[in-house]
Amino acid sequence: MADKKINKRDIAKLPNEWCREFSVLVPSRESGTVAMTRWDGKDIGFLDWYRNTVVPPRDSFLPLIEEMFSFYKDKDGYNIELPPPKEQKQLIFGIRPCDARALAILDMTFNDGYQDPYYLGRRQNTVLVGIGCTKAYDSCFCTSLGNSPTDTTGVDLMLTDIGEDFLVEAITDAGKELLTTSSLSKATEADQARAKVSEETARQKVTRNIDIRDIAQKLRASFEDQDFWQKVAAKCISCGICTLLCPTCYCFDINDEMSKAQGVRCRSLDSCSFPIYTRMPMENPRTEKWRRVRNKVCHKYEFYPMLFDAIACTGCGRCIRLCPVNWDIIQIIESVPTGA
Amino acid sequence: MINSARQQRLIDEAKALLKQGKVRWIIGFEAGSLKFTTTPLITADAGDTSRLVINSFIVNNLSNFLPELEGRIGIVAKGCDSRSIVSLIQDSKVRREDVVILAVPCSGLIDLAKVEQLIGKDRDEIDAISRKDDKVIVTLAGAKREFSISEALYDNCLACELPTPQEYDILLGEPILPSNEPAAGQKKLDELKKMSPEARWQFWKKELERCIRCYACRNACPACYCQRCFVEETEPQWLLPIPHWQDNLMFQITMDIHVAGRCTDCGECQRACPVNIPLRSLTKEMYDIVADLFHFKAGMDKEALPLMTHYEQEEAEDLIG
């Protein structure tokens, strides 16, 4: 396989070249948290400190706030204006394998019977350049879900740390087209071997495991086990962190921002952790938090597999790491009764 | 009393309370699943009490869970938590006879974000963090580094006015006096106060632009106990659920006004925030204003009437004069 490599000192040349064609996003602390941010043309220092973003790259496809269309009323009635299409293509540099896989999981929903033009428009307009992990958080558990710290699912181009260089591997045709810079040299067999070692080392760093065998069946059998769900939900404070910052969560709400005869229809992320999420005129089927916790777990590990034959979790560990009370989905999944 | 001894005493007391039927629930802390974390332990089972811990990472204000549970509750409380409990009692959200307060004199909690800043590494790479007198000792790749507590504790812990609960049933360990350098906990606020109003406006704009409206600040706060928050009202809709920064600011300011006189500066709002918004700078300012204007500090005096439910004629002079 004709893989390339690039010396780490030259790494800034890659986004430098790509930014002529793409709006390049890289991991950055500029906003005050870690998020994918428009590259400023200089700072590539994230390679030294970056493990993963706090805000998942999903935000570049399904943003926290999205203007769907604006409207105004004149003498002939209501008029609708769609937002201008984004001409420039975007390139995300440094997406982690767990988050790239998460996009493949989101595609199942947004590219199903209903084709969501906003999400799909951005997906088709974006190239993903992954960087394999060399370090893990102690909340990472990607290996238990068939993923790996150097997995290439969903990315167009993959960089793997092999010491002084990155091995650069084109996964798709879009990835191949990115391999034009003169800073790349041909990777040798020894480089390929180093990449294998790097992959294995990274795997070893993921220390947490989760047993997902028969998990959908177990959850189905335990659905009515109120004692179990009440117990695991006891310390949850029903905030939206684990859902709003989950790379595979996609629930949204739609609201009009209006003043007089004009306005904007916005969709913004919503969370099934909130009691208001299911409030209806007559009743709310999930007023108690154990029902909401159950829904969240089952949606990822039972309902999504039922619908799409895939678990809607990639083991990124954000829900564990960012939780104010250390509610830990691994412990929950591990303790689901067998139902027998 | 050394830590392991008071932890054992906590376990014994909690176990006895459950076994003798004196409480239905114990709320305390157990070891968390990640490095340097603890997690709330809420249990009715005496067997679980052996997992209770006391250390420098018992961050949550557990009084938050009191209004949710039915029956008598034994609760582990640091000074700030005990103030929240007193405040909840004053507000008739909890009855004094329904709680058994297991008081933990607290010398301050270690702020992992500050430690990460100090050593320039993620917490995942740290081998150990310990506390000795006025030092925090961080072990990194086998080497020990020492920091003063003023560098490594949470700001609200540095400004703590009540390290040892006043209101308790069982006291675990020797009382600890407040630090005589509360100014160390005001640094961020002092910086903000020195800014011009325009610069401060820009500061908050940037900070609140990344708010994801997860409401962790509200939900982690024991003083925020409304059954239906104003942000969830739909008729009228006070605030859209779209997290534009202006609305995020509106939410924060309204929350601060709502918890004025109830906020005990426990710091949970800021700690819960997943995107590092320095929310304590808002709540502490409100806390100081309440202290100045009304000479009131939430949860410090259980005989006091709740701030916002009564009026004294002499207040008018201060307020309007």
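Me: Does B:Glu207 count as buried or exposed?

Reply: This is a predicted model, in which local features need pLDDT of at least 70 and side-chain atom pairs count only at pLDDT 80 or more, while totals for chains, interfaces and linings use all residues. Residues are numbered from 1 along each chain as its sequence is written, chains are lettered from A and ligands numbered from 1 in the order in which they are written, and side-chain values use heavy atoms, with hydrogens and water left out. Buried means under 20% relative accessible area, exposed over 50%, and partly exposed in between (1.4 Å probe, protein chains only). The relative accessibility of B:Glu207 is 11%, so this residue counts as buried.

Me: Which residues is B:Glu207 in contact with, leaving aside neighbours within four places in sequence?

Reply: B:Glu207 lies in helix α7 of chain B, residues 197–209 (helices are DSSP runs of H or I with at least four residues, strands runs of E with at least two, numbered from the N terminus). Contact means heavy atoms within 4.5 Å. Leaving aside those neighbours, the partners of B:Glu207 are B:Asn276, B:Ile277 and B:Pro278.

Me: How are α8(A) and α10(A) placed relative to each other?

Reply: Helix α8 (residues 226–233) and helix α10 (residues 289–308) of chain A pack at about 95°, with axes 8 Å apart. Axes are lines fitted to C-alpha atoms, for helices over the stretch in contact, and angles run from 0 to 180 degrees between N-to-C directions. Angles under 35 degrees count as roughly parallel, over 145 as roughly antiparallel, 65 to 115 as roughly perpendicular and the rest as oblique. Therefore α8(A) and α10(A) are roughly perpendicular.

Me: How many nonpolar residues are in the contact of α8(A) with α10(A)?

Reply: Residues of α8(A) including A:Trp229 and A:Val232 meet residues of α10(A), among them A:Trp290 and A:Val297. Ala, Val, Leu, Ile, Met, Phe, Trp, Tyr, Cys and Pro count as nonpolar, Asp, Glu, Lys and Arg as charged, and the others, Gly among them, as polar. By class, 2 residues are polar, 2 are charged, and the nonpolar count is 7.

Me: How many charged residues does the contact of α6(B) with α11(B) have?

Reply: Helix α6 (residues 187–194) and helix α11 (residues 280–294) of chain B pack at about 85°, with axes 10 Å apart. That makes α6(B) roughly perpendicular to α11(B). Their contact has 2 nonpolar residues and 1 polar residue, and the charged count is 5.
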